[in-house]
Amino acid sequence: MLVPAIVYKAELEKKFALMAYDEKMSMYLCGSIEHFQLYIQPLDNDRIFQYAVVNDHEELVGYIEYRLDLYDSTAWRWGLMSFKNDPAFPTAVRQILDKLINEVHIRRMTFGVMNDNPVKRHYDRFAKRFNRFYTHEFHEVTRDSSGNYHDYTEYEIFPQEGIHWSEHLRKERMNSNG
């Protein structure tokens, strides 16, 4: 279930602060999360959408943030963070994507990931579901505390020129059910 992040502000800030001091996790805090700080704010004119994801037991399981530029019809600067393996998180992501693609009719979506982040393989599969997508790989973008550089991939997707997201999910569910 999606809840405005401001409702869970203290709990979210605590989780992000703990991750910022975990060297491995801190490499993945990029995108909309600036310098390991989470700036939760009420909805304003900047069209920044921030959600806490809670399960049926009202337990915080994740965080989703994105910007929406209605002039360019672009959803960008995504920040996705799952705190535990719970089906409420991917359900919430699909709910937002379905709304943006089928109701808001966004023309373009951009997001990125550090290449050594395990979630990158999911992003690769997601991008390939669309007829028109691009990936841009940037080399040696970020240096960790050991002095090693890490690569970063930016994704650019044009969902209105590809498959219909809801139709794809329906087919995917039918195939997985036998």
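This note goes through the fold, the sheet and the aromatic contacts of a predicted model.

1. **Overall make-up.** The protein has five helices and seven strands. Along the sequence they follow the pattern β-α-α-β-β-β-α-β-α-β-β-α. Of the 178 residues, 39% are buried. Take the contacts between residues at least 6 apart in sequence: 60% of them join residues at least 24 apart.

2. **The sheet.** The seven strands make an open sheet. Their order is β1-β2-β3-β4-β5-β7-β6, and the pairing is mixed. At the edges are β1 (2-4) and β6, each of which pairs on one side only. From one strand to the next, the twist averages 25°.

3. **Helix on the sheet.** Helix α3, residues 88-102, packs on the sheet. Strands β1, β2, β3, β4 and β5 are touched by α3. The direction of α3 makes about 15° with that of β3.

4. **Start of the sheet order.** Strands β1 and β2 are antiparallel and share three bridges. Val-3 lies opposite Ala-52 of β2.

5. **Strand β3.** How enclosed is β3 by the rest of the structure? Largely, because nine of its 10 residues (the strand spans 60-69) are buried. On one pairing, β2 (residues 48-54) and β3 run antiparallel over seven bridges. Val-53 has Gly-62 of β3 as its bridge partner. On another, seven bridges join β3 to β4 (residues 74-82), again antiparallel. Here Tyr-63 is bridged to Met-81 of β4.

6. **The two hairpins.** The β2 and β3 hairpin has five residues between its strands. Glu-58 takes a positive phi near 60° there. The β3 and β4 hairpin has four residues between its strands. In that turn, Ser-73 has a positive phi of about 55°.

7. Glu-65 belongs to strand β3. Is Glu-65 buried or exposed? Its relative accessibility is 3%, so Glu-65 counts as buried. The side chain of Glu-65 makes a polar contact of 3.2 Å with the side chain of Gln-50.

8. **A buried glycine.** Gly-79 is in strand β4. With a relative accessible area of 2%, Gly-79 is buried. Gly-79 and Tyr-66 are 13 residues apart along the chain, and their C-alpha atoms are separated by 6.3 Å.

9. The structure contains 10 aromatic pairs. One of them is Phe-111 with Phe-126: the centres are 6.1 Å apart and the planes stand at 50°, so this pair is tilted. The pair links distant parts of the chain, 15 residues apart. Phe-111 sits in strand β5 (residues 108-114), and Phe-126 in helix α4 (residues 120-127). Phe-111 is buried at 8% relative accessibility. Phe-126 is buried too, at 12%.

10. **An edge-to-face case.** Tyr-134 and Phe-158 have ring centres 6.2 Å apart. Their planes are at 90°, so the pair is edge-to-face.

11. **An aromatic cluster.** Five residues form one aromatic cluster: Phe-111, Tyr-123, Phe-126, Phe-130 and Tyr-155. The tilted pair of Phe-111 and Phe-126 is thus found among the cluster's members.

12. **Charges over rings.** Which ring lies under the charged end of Arg-132? The ring is that of Phe-158, with the charged end 3.9 Å from its centre. Phe-158 is also the ring that pairs edge-to-face with Tyr-134. Elsewhere, the charged end of Lys-15 sits over the ring of Phe-83, at 5.2 Å from the ring centre.

Terms used
Residues numbered from 1 in each chain as written. Predicted model: local features only at pLDDT ≥ 70, side-chain atom pairs only at ≥ 80, totals over all residues. Heavy atoms only, no water. Phe/Tyr/Trp six-rings, centres within 6.5 Å; stacked < 30°, edge-to-face > 60°. Buried < 20%, exposed > 50% of the residue type's maximum accessible area, 1.4 Å probe, protein only. Lys NZ or Arg CZ within 6 Å of the ring centre and 35° of its normal. Pairing = 2+ DSSP bridges. Axes fitted to C-alpha atoms, helices over the stretch in contact; angles between N-to-C directions. Contact = heavy atoms within 4.5 Å. Polar contact = N/O pair within 3.5 Å; in protein donor to acceptor, adjacent residues only side chain to side chain.
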